[in-house]
Amino acid sequence: MSERSISRVTVLSGGMGGARFLQGLLHGIAAGTLPGVAADAEVTVVANTADDLWMHGLKICPDLDTVMYTLGDGIDLDRGWGRRDESWRVKDELAAYGVEPTWFGLGDRDIATHLVRTQMLDAGYPLSEVTRALCNRWQPGVRLLPMTDDRVETHVAVADDTTPSGRGVVHFQEYWVRLRAEVPAETVVVVGLDDSSPAPGVVEAITDADLVVLPPSNPVVSVGTILGVPGIREAVRATSAPVVGLSPIIGGNHVRGMAHQMLTSIGVEVGAGAVGLHYGSRTASETGVLDGWLVDEQDADQVARVQAGGLPCAAVPLLMTDVGATAAMVAAAVELVGRGPA
Ligand code: GDP
Ligand code: CA
């Protein structure tokens, strides 16, 4: 049982994996089942914005919206993205005009969000303020911050025999939605990342937290891009709060999504232990960000290897089947690092 009282939790999140994790975290806080975590603990989410794109003149922020809709109870539960009870009349009309691209699903209700966002951005508000305004409606129960207000976009290089170089580059969303992540990702390039800066409040949310969590989000294109914003990795390394992560890889593959393709593209073995060591220990590695790492029970054989890398590690069930199961893994994560950095 932890001795410290945790009243501020900060989570570095992608879309679907992060949002599900956050549902479990909020459930555990409300139910009082997390050791040492106050019943009124506040959660700040630093969300990945490198999936963002402009389409039909609209600014779309998939990960921010997935977190906002999921926690605000507006998400389509079957798809895991976009609005519930959606219709697609605008999309059909655009297709009837022959307007490209047609591969991206923009629902009618969802479009309202993008219209509000785009209008506010056009009026000069930064994305962080726009996000706050959108959250006034959705009341997600967390403070939701984009990792940066700057434009950052993940692009993926793939083989393309229609180009002279034999290579083509597509936006991350095109890789995921149109190509269904079925062709190998040769490289991942995050355009604008090196010149970006953390959005207001992001560094403080990490520095002033009592606990920092890397949820089971994509380690390359979600958590990896957040940590890549200059200043964020440094803040995570410097915070006095314990930092704990949960593996998005179970039994050598992602549960859903494409962490497999992304890890392969950066040369990291697709395994729960390898991902923990890729993030690295704050004390044993010069770039490491973790004080503890959870792997799934199936990957219990990885625990010794992670610990040999200087990173405390435990194996517990990591399938986010419902909020209770997810809250239980949050409790295990808090337990693992309860006494602070190793
Ligand atoms: P995205 O932005 O929608 O791709 O979502 P995230 O980056 O937040 O999370 C996607 C990752 O979550 C996937 O690549 C999976 O590896 C992971 N994931 C999804 N469901 C589960 C689950 O039930 N348990 C664990 N441990 N990981 C999961
Ligand atoms: Ca995403």
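Trainee: Which residue lies over the face of Trp81?

Mentor: Bear in mind that this is a predicted model. An Arg counts as sitting over a ring only if its CZ is within 6 Å of the ring centre. At 4.7 Å from the ring centre of Trp81, the residue that passes is Arg79.

Trainee: And which ring has the charged end of Arg83 over it?

Mentor: The same cut-off of 6 Å from the ring centre applies. The charged end of Arg83 is 5.8 Å from the centre, and the ring belongs to Tyr69.

Trainee: How many aromatic pairs does the structure hold?

Mentor: Rings pair if their centres lie within 6.5 Å. With that cut-off, the number of aromatic pairs is four.

Trainee: What geometry do Tyr69 and Trp138 have as a pair?

Mentor: Their centres are 5.3 Å apart, and the planes make an angle of 70°. Planes over 60 degrees apart fall into one class, and for Tyr69 and Trp138 that class is edge-to-face.

Trainee: How many residues apart are Tyr69 and Trp138?

Mentor: Tyr69 sits in helix α2, residues 62–71, and Trp138 in helix α5, residues 127–138. The pair therefore links distant parts of the chain, given the DSSP helix numbering.

Trainee: What about Trp103 and Phe104: how are their rings arranged?

Mentor: The ring centres are 5.8 Å apart. The planes stand at 85°, so the arrangement is edge-to-face.

Trainee: Is Phe104 buried or exposed?

Mentor: Its relative accessible area is 11%. Under 20% is the cut-off that matters here, so Phe104 is buried.

Trainee: Now the helices. At what angle do α1 and α2 pack?

Mentor: Helix α1 covers residues 16–31, and its axis is 9 Å from that of α2. The crossing is right-handed. Among the residues in contact are Leu22 and Leu26 of α1 and Val67 and Leu71 of α2. The packing angle is about 35°.

Trainee: How many charged residues are in the contact of α1 with α2?

Mentor: By class, the contact has six nonpolar and three polar residues. The charged count is none: no charged residues.

Trainee: Ala181 has a positive phi; is it buried or exposed?

Mentor: Its phi is about 55° although it is not a glycine, and it lies in the loop between α6 and β8. At 6% relative accessibility, Ala181 is buried.

Note on methods: Residues numbered from 1 in each chain as written. Chains lettered and ligands numbered in written order. Predicted model: local features only at pLDDT ≥ 70, side-chain atom pairs only at ≥ 80, totals over all residues. Heavy atoms only, no water. Phe/Tyr/Trp six-rings, centres within 6.5 Å; stacked < 30°, edge-to-face > 60°. Helix = DSSP H or I, 4+ residues; strand = E, 2+ residues; numbered from the N terminus. Buried < 20%, exposed > 50% of the residue type's maximum accessible area, 1.4 Å probe, protein only. Lys NZ or Arg CZ within 6 Å of the ring centre and 35° of its normal. Axes fitted to C-alpha atoms, helices over the stretch in contact; angles between N-to-C directions. Left-handed = near helix turned anticlockwise from the far one by under 90°. Contact = heavy atoms within 4.5 Å. Nonpolar A, V, L, I, M, F, W, Y, C, P; charged D, E, K, R; others polar.
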